[in-house]
Amino acid sequence: MKRILVTGGSGFLGSRLCEVLLERGDEVICLDNFYTGTKRNIFHLLDNHRFELVRHDVTFPYYSEVDEIYNLACPASPVHYQRDPVQTVKTCVHGAINMLGLAKRIKAKILQSSTSEVYGDPNVHPQVEEYWGNVNPIGMRSCYDEGKRCAETLFFCYHMQCSLRVKIVRIFNTYGPNMHPNDGRVVSNFILQALQNKDITIFGDGSQTRSFCYRDDLVDAMVKMMDTPDSVTGPVNLGNPGEFTILQLAKLVIELTGSKSKIVQRPLPADDPKQRQPDITRARELLNWQPSTPLKEGLVKTIAYFEQLLKDDPEFCREG
């Protein structure tokens with residue numbers, strides 16, 4: 001049994017990670033300030049004697065004795081991280097400093113959930129870990145892109161200077177149950193619009209591509225990464241190399257929901273990547289991992305989640 005700290009533990013990925021760690025017998029401290037996470041995601045865990053929920057903002061120091069730290073705390077969708085860009089940078093940078101400081105103090109192993117956004121609007125396709133990226137440092141998305149890039153730098157500085165055991169994963173587009181209904185991400189947007197027979201909005205002509213990884217596959221890879229030998233630091237791309245256009249996704253969601261929605265176009269946002277696809281060769285070699293959930297299967301499960309959410313709490317699903 002390990003004692004594990006999960007920052008951002010009530011969020012979309014964090015909540016599933018908490019479940020997986022508890023299922024294998026670990027003790028879990030879920031740390032969250034509920035800026036984008038929600039108690040509904042971890043409510044069913046509160047009666048578990050090996051689960052502890054702490055309301056806390058990682059931009060302030062936190063002290064606890066744990067064996068491992070998963071640092072997932074940060075709003076991850078443009079709608080949320082652009083709402084307060086200063087706080088987003090603080091969460092990425094100050095949060096990393098505080099968690100790294102804790103890991104150093106208690107000699108814990110620590111994993112950083114970085115992002116494919118560190119590649120920006122890539123000139124290399126698919127993206128490999130050696131690619132340095134094409135990021136606008138003063139653009140609308142830079143608070144998140146550059147915040148996560150700086151966090152990676154901090155992790156490697158602590159590793160080189162303090163011999164800290166660090167792990168870095170770069171997460172590509174992920175979807176599944178527990179997504180926030182108003183996070184502005186393409187999968188949750190399309191599903192909610194389709195279930196309510198509203199127009200499905202795509203930006204540009206829909207030819208931009210994304211690769212969609214189901215939540216359970218992604219969390220499985222994160223746990224595998226944490227369990228690698230100390231010599232394995234990353235970064236390691238985690239995602240599904242299957243590439244789809246946004247228009248293909250919209251049509252598939254309409255088909256699976258039986259919706260009467262129509263597809264309408266809107267102007268493309270600034271700095272929106274035209275292509276996003278991971279090269280997961282390193283993950284295959286180091287983790288013996290690759291995603292196993294086809295997009296159609298994962299969408300069916302995600303649609304069922306949002307259908308139930310619309311019935312249970314339509315106000316929560318209302319557009320902000």
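Q: Which helix holds Arg149 and Glu146?
A: Both sit in helix α4 (residues 142-162), three residues apart, about one turn of the helix. Helices here are DSSP runs of H or I with at least four residues, strands are runs of E with at least two, and both are numbered from the N terminus. This is a predicted model, where local features need pLDDT of at least 70, side-chain atom pairs count only at pLDDT 80 or more, and totals for chains, interfaces and linings use all residues. Residues are numbered from 1 along each chain as its sequence is written, and side-chain values use heavy atoms, with hydrogens and water left out.

Q: Thanks! What do the side chains of Arg149 and Glu146 meet in?
A: A salt bridge, at 3.0 Å from N to O. The term stands for a side-chain nitrogen of Lys or Arg within 4 Å of a carboxyl oxygen of Asp or Glu.

Q: Which residue does Arg16 form a salt bridge with?
A: Glu19, and the closest N and O atoms are 2.8 Å apart. Arg16 and Glu19 are separated by about one helical turn because they are three residues apart in helix α1.

Q: And are Arg16 and Glu19 buried or exposed?
A: Arg16 is buried, and so is Glu19.

Q: What about Lys301, which side chain does it meet in a salt bridge?
A: That of Glu297, at 3.6 Å from N to O. Lys301 and Glu297 lie four residues apart in helix α9 (residues 295-312), about one turn of the helix. Lys301 is partly exposed, with a relative accessible area of 37%, and Glu297 is partly exposed with 38%.

Q: Which residues do salt bridges with shared partners join into one network?
A: Lys2, Arg24, Asp26, Glu68 and Asp227.

Q: Switching to strands: is β1 mostly covered or exposed?
A: Strand β1 (residues 3-7) is mostly covered, with four of its five residues buried.

Q: Which strand do five bridges join to β1?
A: Strand β2 (residues 27-32), and the two run parallel. Strands pair if DSSP finds at least two bridges between them. Strand β4 (residues 68-71) also runs parallel to β1, joined by four bridges.

Q: Where does Val6 come in, what is its partner in β2?
A: Cys30 is the bridge partner of Val6 in β2, and in β4 Val6 stands opposite Tyr70.

Q: Now Asn98, which helix is it in?
A: Asn98 is found in helix α3 (residues 85-106). It counts as buried because its relative accessibility is 16%.

Q: What does Asn98 contact beyond neighbours within four places in sequence?
A: Val58, Thr59, Phe60 and Pro61, where contact means heavy atoms within 4.5 Å. A polar atom of the Asn98 side chain lies 3.2 Å from the backbone oxygen of Thr59.

Q: Last one: what is Lys224 in contact with, neighbours within four places aside?
A: Leu287 and Trp289. Lys224 lies in helix α6 (residues 215-226) and counts as partly exposed at 31% relative accessibility.

Key. Buried means under 20% relative accessible area, exposed over 50%, partly exposed in between (1.4 Å probe, protein chains only). A polar contact is a pair of N or O atoms within 3.5 Å; within protein, one must be able to donate a hydrogen and the other to accept it, and residues adjacent in sequence count only if both atoms are side-chain atoms.
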